[in-house]
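This briefing covers nonpolar packing and ring interactions. The sequence and structure come first, then the points by topic.

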Amino acid sequence: MSGAPVDESLLLRALTHRSYAYENGGLPNNERLEFLGDSVLGLVVTDTLYAAHPDLPEGQLAKLRAAVVNMRALADVARTLGLGEHLFLGRGEESTGGRDKASILADTMEAVIGTVYLSSGMPAAAALVHHLLDPLMAQSATLGAGLDWKTSLQELAAASAVGVPEYRVEEEGPDHEKTFHAQAVVGEQVLGTGTGRSKKEAEQRAAELAWRAITARQAAAEGDGLVAHTQATSPRGAAGVETPDTDASELPAGSPS
């Protein structure tokens with residue numbers, strides 16, 4: 001990424017939620033930067049996907065972009081950066097777990113991108129987006145037609161004839177700060193678990209692990225099949241007995257050739 005400096009006053013604004021701004025006399029908040037960052041993010045991701053997938057139609061490209069530019073994905077990136085620890089929040093948001101709310105984290109992530117764009121220009125902003133989201137863009141290309149983990153798991157389970165995925169969800173905590181725990185069950189087996197601040201988030205994470213479990217199982221089965229095929233067709237034969245590779249000219253006289 002570019003080493004160009006970031007305007008400190010803009011960065012502080014990017015971290016200022018409207019709840020804090022309101023409680024402190026109407027300070028500037030991050031909403032305008034979020035608006036700008038959203039456009040910069042969309043352009044960089046769209047440009048990247050357009051170049052990387054020259055044969056995909058517009059509809060599929062739009063789905064790929066939606067798999068990257070969405071609240072859950074951006075919130076996960078913000079959590080990886082520890083962005084929530086640096087937010088300026090009002091007392092109400094602070095008391096209801098605002099530092100880990102997906103909507104607040106995603107908006108702040110976009111505001112940071114907008115800040116880098118204003119401070120250092122598009123090349124620096126694009127470098128930041130690539131640094132943060134390239135792995136997610138690569139991953140999105142492996143998902144199914146729905147481009148979300150629950151849809152992809154449903155497609156994979158149907159194609160593999162292993163059963164219809166079901167989800168068991170439990171919740172804990174007070175109404176204003178609930179945590180959800182989900183299990184993805186396929187063929188009466190729990191293949192993935194996930195936790196999130198919403199039921200949907202927890203189910204998506206459980207579905208991802210279940211999708212990976214089935215995919216790994218299939219890869220292992222294909223590997224075993226390849227080994228068995230190789231052994232059966234090798235010079236040792238199916239019974240494992242090596243067949244001599246003897247030239248007819250080396251046979252004793254009178255031996256059948």
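Contact here means heavy atoms within 4.5 Å. The model is predicted: local features need pLDDT of at least 70, side-chain atom pairs count only at pLDDT 80 or more, and totals for chains, interfaces and linings use all residues. Residues are numbered from 1 along each chain as its sequence is written, and side-chain values use heavy atoms, with hydrogens and water left out.

**Nonpolar cores**

- A nonpolar core is a set of buried Ala, Val, Leu, Ile, Met, Phe, Trp, Tyr and Cys residues joined through side-chain atoms within 4.5 Å; buried means under 20% relative accessible area, exposed over 50% and partly exposed in between (1.4 Å probe, protein chains only).
- The largest nonpolar core has 36 residues, of which Leu41, Val45, Met109, Val129 and Leu133 touch the most other members.
- Helix 7 (102-120) is among the helices that supply at least two residues each, and helix 7 gives the most, nine residues.
- Leaving aside residues up to four places away in sequence, Val45 touches Arg65, Val68, Val69, Val129, Leu133 and Met137.
- Another core lies apart from this one and has 15 residues, including Trp149, Ala157, Leu191 and Ala202.

**Aromatic rings**

- Rings of Phe, Tyr and Trp (its six-membered ring) pair if their centres lie within 6.5 Å; planes under 30 degrees apart count as stacked, over 60 as edge-to-face and the rest as tilted.
- There are two aromatic pairs by this rule.
- The ring centres of Tyr20 and Phe88 are 5.4 Å apart with planes at 50°, so this pair is tilted.
- Tyr20 is partly exposed at 25% relative accessible area, and Phe88 is partly exposed at 30%.

Note on methods: Helices (H or I, at least four residues) and strands (E, at least two) are DSSP runs, numbered from the N terminus.
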